[in-house]
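Here is a short briefing to read alongside the model. Have a look at the fold first, and then we can go through a helix pair and a pocket together.

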Amino acid sequence: MRLVTNTQVSVDGVMQANGGPNPVLDPGMERGGWARPLFDDESLAYVNEAYQRADAFLFGRRTYDLFAGYWGAMGPESNPIADALNARPKYVASNTLTDAGWADTTVLAGDIAPAIRELKDKPGGELQVHGSGQLVRWLIEHQLVDEITLLVCPVVVGQGTRLFPETGPDAALDLVASRAFPKGITLQVYRPAGRPQYATD
């Protein structure tokens, strides 16, 4: 399986609280919900189709808790995203979660790199990561990501956690797909391509 990350991000790189305000998970974040008003029928259809392509899902703990409480509580055929999430295997990277209440969930604890490589060796199409910024940064740093999918929303949020840290590893990226949606969201799909080349003069 290819490990594919999927992130809604603002023009200034913020990924936090894209869906809505959540004072429990995002204390102090006053500008939650910045992405949702920018989605239209075409971009929503793309997201629904992306979830349907997944053979399995991998989450960080915070995103897992958020998704389990929302999508995991929906019944069959209530929403295409919920149907995909509830029907397929889920993996959550956590050293503190002991009882995963969402069906078909496996907790990955400790050194998770070998477990993720083992998942990637399984037959299938995509092992998808949605949100989970801290996990995504770790996966990129450890060269476990095959594709980075960004849905770039035409908004500058001005506060919140950004997808990429102020300092961190560098990476060259090959653009393999792009698309613009009617309300201004742009899709960019990249594949890591080693280290960047830097000008020397």
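What volume does the second largest pocket have? The second largest pocket has a volume of about 490 Å³. This is a predicted model, where local features need pLDDT of at least 70 and side-chain atom pairs count only at pLDDT 80 or more, while totals for chains, interfaces and linings use all residues. Residues are numbered from 1 along each chain as its sequence is written, and side-chain values use heavy atoms, with hydrogens and water left out.

**The pocket**
- Among the 21 residues lining the second largest pocket, Ile140, Glu141, Pro169, Asp170 and Ala171 are the closest to its centre.
- Helix H5 (residues 133-141) gives the most to this lining, with three residues.
- The lining has 11 nonpolar, four polar and six charged residues.

**Helices H1 and H3**
- H1 (residues 41-53) and H3 (residues 80-87) pack at an angle of about 15°, and their axes are 9 Å apart.
- That makes H1 roughly parallel to H3 (angles under 35 degrees count as such).
- The contact (heavy atoms within 4.5 Å) is made by Val47, Asn48, Tyr51 and Gln52 of H1 with Pro80, Ile81, Ala84 and Leu85 of H3.
- The residues of this H1–H3 contact are six nonpolar, two polar and no charged.

Definitions and conventions: Axes fitted to C-alpha atoms, helices over the stretch in contact; angles between N-to-C directions. Helix = DSSP H or I, 4+ residues; strand = E, 2+ residues; numbered from the N terminus. Parallel < 35°, antiparallel > 145°, perpendicular 65-115°, else oblique. Nonpolar A, V, L, I, M, F, W, Y, C, P; charged D, E, K, R; others polar. 1 Å grid on protein atoms, 1.4 Å probe; cavity = no way out; pocket = protein on both sides within 12 Å on 5 of 7 lines; lining within 4 Å. Points joined across faces, edges and corners; volume = space filled by probe spheres on them.
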